[in-house]
Amino acid sequence: MLCDLGSIQDVQLFCDDFKKQFSRLDILVNNAGVIPLRRKQTKDGLELAFGVSHIGHFVLTNGLLGLLKHAPEARVVVLGSVAYKAGKIDFENISLKKGYTVSAAYCRAKLCNLLFTRELAKRLKGTGVTVNCVHPGAVATNILIKTDAGLGHALIKLFHPIVKTAEEGAKNIVSVATSTDFAYISGEYISDGQVTEVKGKAKDDVLAKKLWDVSAKIVSDSGCFI
């Protein structure tokens, strides 16, 4: 089954089809991400990194929550990054039509991932479903290689001694999704296999709630629902 996380409607259709075929979901890994060097938009007119990495996952996770709750000990894993520390959210400029930079877009998306994890964990308390945000470390994937500027090869070569292979990075994700060590942990940021305290805005419960409410309105305004 394929799903375009850059389209709210497509994500909702995917969830509808998935629910017709399956009665439960044990593990959901929200792993999609983009690093647009120039400002681009989703089909819904959202800035691409925000639209795919946050809103797409927001709709997907909420759309499948019923199936997750049907599983005995379901887990949601959200891919994050230490880049969240530089993230800023301006709700008056949510699509970054002003002041777009690749760094601003990516760091904001990663902050959104952490805030989403924090708020969702609160909402899922007592359901048996856990949700955690995982930073797998610096991983050499195609996310930068497949860009218009072609910077990825040079960056990966430069940082080769300290970056992980995709397989090494995946081990951290699989561990949080399956290991008994994380069975009863929820709402945490896990970096390189260790629960790590978040800093600054990522701990702001008021900001997390506002992001949730704004995200829900974006979905509603698109004609879809969660």
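**Sheet, cores and salt bridges**

Reader: Does Glu197 count as buried or exposed?
Author: This model is predicted, and Glu197 has a relative accessibility of 55% in it. The cut-off for exposed is over 50%. Glu197 therefore counts as exposed.

Reader: Which side chain meets that of Glu197 in a salt bridge?
Author: The N to O distance of this salt bridge is 3.7 Å, and the limit for a salt bridge is 4 Å.

Reader: How many salt bridges does a search of the whole structure find?
Author: Side chains of opposite charge can pair when their charged atoms come close. One of the salt bridges here joins Asp213 and Lys209 at 2.7 Å, N to O. Some residues are linked in a network of salt bridges, namely Arg118, Lys122 and Asp205. The search of the whole structure finds 9.

Reader: What separates Glu119 and Arg123 in helix 4?
Author: The side chains of Glu119 and Arg123 form a salt bridge of 2.9 Å, N to O. Glu119 is buried at 7% relative accessibility, while Arg123 is partly exposed at 40%. The two are 4 residues apart in helix 4, so the separation is about one helical turn.

Reader: In what order do the strands form the open sheet?
Author: The sheet has 5 strands, and their pairing is mixed. Strand 1 (27-30) and strand 5 (194-196) each have a single partner strand, so these two stand at the edges. The twist from one strand to the next averages 30 degrees. The strand order is 1-2-3-4-5.

Reader: In which sense do strand 1 and strand 2 pair?
Author: Strand 2 covers residues 75-79 and pairs with strand 1 over 4 bridges. Ile27 has Arg75 as its bridge partner, and Leu28 stands opposite Val76. On its other pairing, strand 2 joins strand 3 over 5 bridges, with Val76 opposite Val131. The sense in which strand 1 and strand 2 pair is parallel.

Reader: How many residues of strand 2 are buried?
Author: One side of strand 2 carries Arg75, Val77 and Leu79, and the other carries Val76 and Val78. Each of these residues is buried, which means under 20% relative accessible area. Helix 2 (residues 48-63) lies across strand 1 and strand 2, and helix 4 (residues 102-123) also lies across these strands, along with strand 3 and strand 4. The number of buried residues in strand 2 is 5 of 5.

Reader: Which hand does the β-α-β unit of strand 2, helix 4 and strand 3 have?
Author: Strand 2 and strand 3 pair in the parallel sense. Helix 4 runs at about 160 degrees to strand 3 (130-135). The unit made by strand 2, helix 4 and strand 3 is right-handed.

Reader: Which residues touch the most other members of the largest nonpolar core?
Author: The largest nonpolar core has 49 residues. Elements giving two or more residues to this core include helix 1 (8-21), helix 2, helix 3 (65-70) and helix 7 (205-221). A second, separate core of 8 residues includes Leu79, Val134, Val176 and Ile190. In the largest core, the residues touching the most other members are Leu60, Leu64 and Leu68.

Notes: Residues are numbered from 1 along each chain as its sequence is written. This is a predicted model: local features need pLDDT of at least 70, side-chain atom pairs count only at pLDDT 80 or more; totals for chains, interfaces and linings use all residues. Side-chain values use heavy atoms; hydrogens and water are left out. Two strands pair if DSSP finds at least two bridges between them. Axes are lines fitted to C-alpha atoms, for helices over the stretch in contact, and angles run from 0 to 180 degrees between N-to-C directions. Contact means heavy atoms within 4.5 Å. Buried means under 20% relative accessible area, exposed over 50%, partly exposed in between (1.4 Å probe, protein chains only). A crossover is right-handed if, with the strands pointing away from the viewer, the path from the first strand over the helix to the second runs clockwise. A nonpolar core is a set of buried Ala, Val, Leu, Ile, Met, Phe, Trp, Tyr and Cys residues joined through side-chain atoms within 4.5 Å.
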